[in-house]
Amino acid sequence: MLRSYELKKDPRGMTWDLLLYVPTVSALGAFAANAWYASNPNLTYLLLFMACFFLFAGANRVLKTRLLCLPTAPVRLEADPQAPCVRVHLKNGTSLELLKDIHVYRDYSGRSIGLTGLDAAGKRLQFVFHKGQFSLERDYQSLQDFFAKKKAPLP
């Protein structure tokens with residue numbers, strides 16, 4: 001029986017992400033400006049690199065996994081217990097199948113799941129699904145239970 005999970009926007013998770021990334025990027029930018037005026041260009045470049053890295057990582061996380069705005073954002077997940085594959089439907093209308101070497105990574109708090117695997121062309125794909133993206137908590141739990149039954153990695 002094919003299990004399908006529709007994903008939705010997660011504004012509560014977005015708020016937490018913004019509370020994490022905005023102060024971090026702001027602080028790194030302020031420290032970089034301080035280092036620039038203190039005539040320490042090497043430290044300035046390092047801090048600016050870190051600020052840009054966190055800015056891009058945070059923007060990608062908020063826009064792709066929390067708000068589902070980017071075309072490559074997953075909007076539906078299908079898992080078939082009979083077939084060793086997982087299909088991920090993206091916002092741009094394409095669907096990707098994870099066929100081999102499928103691994104599931106859970107965080108310690110139980111609020112997100114990382115999913116990686118190889119597609120038919122052998123390209124490694126990875127996705128992150130947050131608890132707040134699921135309409136019902138039982139859907140998220142059902143997905144966790146589905147992957148928990150697969151003790152060993154899927155072929």
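Predicted model: local features only at pLDDT ≥ 70, side-chain atom pairs only at ≥ 80, totals over all residues.
With which side chain does the side chain of Ser 109 make a polar contact? The partner is the side chain of Asp 107, at 3.1 Å.

## The loop between strand 5 and strand 6

Ser 109 belongs to the loop that lies between strand 5 and strand 6. Its relative accessible area is 53%, and because this is over 50%, Ser 109 counts as exposed. Asp 139 is 30 residues away from Ser 109 in sequence, and the two C-alpha atoms are 17 Å apart in space.

In general terms, the strands of a sheet pair through backbone hydrogen bonds, in either a parallel or an antiparallel arrangement.

Strand 2 (residues 74-79) pairs with strand 3 in the antiparallel sense over five bridges. The two strands form a hairpin, with six residues between them. Ala 79 has Val 86 as its bridge partner in strand 3.

Strand 3 (residues 86-90) is also joined to strand 4 (residues 95-98), by four bridges and again in an antiparallel manner. Here Val 88 stands opposite Leu 96 of strand 4. The hairpin of strand 3 and strand 4 has four residues between the strands, and in this hairpin Gly 93 takes a positive phi near 95°. Four of the five residues of strand 3 are buried, so strand 3 is largely enclosed by the rest of the structure.

## Thr 65 in helix 2

Thr 65 is part of helix 2, which comprises residues 41-66. Thr 65 has a relative accessibility of 11% and therefore counts as buried, the limit being under 20%. A polar atom of its side chain lies 2.7 Å from the backbone oxygen of Arg 61.

When residues up to four places away in sequence are not counted, Thr 65 touches Asn 60, Val 128, His 130 and Gln 133.

## The largest pocket

Thr 65 is also one of the residues that lie nearest the centre of the largest pocket, together with Asn 60, Gln 126, Phe 127 and Val 128. This pocket has a volume of about 350 Å³, and its lining consists of 14 residues.

Helix 2, strand 6 and strand 7 are the elements that give two or more residues to the lining. Helix 2 supplies the largest share, with five residues.

Methods:
Residues numbered from 1 in each chain as written. Heavy atoms only, no water. Buried < 20%, exposed > 50% of the residue type's maximum accessible area, 1.4 Å probe, protein only. Polar contact = N/O pair within 3.5 Å; in protein donor to acceptor, adjacent residues only side chain to side chain. Contact = heavy atoms within 4.5 Å. 1 Å grid on protein atoms, 1.4 Å probe; cavity = no way out; pocket = protein on both sides within 12 Å on 5 of 7 lines; lining within 4 Å. Points joined across faces, edges and corners; volume = space filled by probe spheres on them. Pairing = 2+ DSSP bridges.
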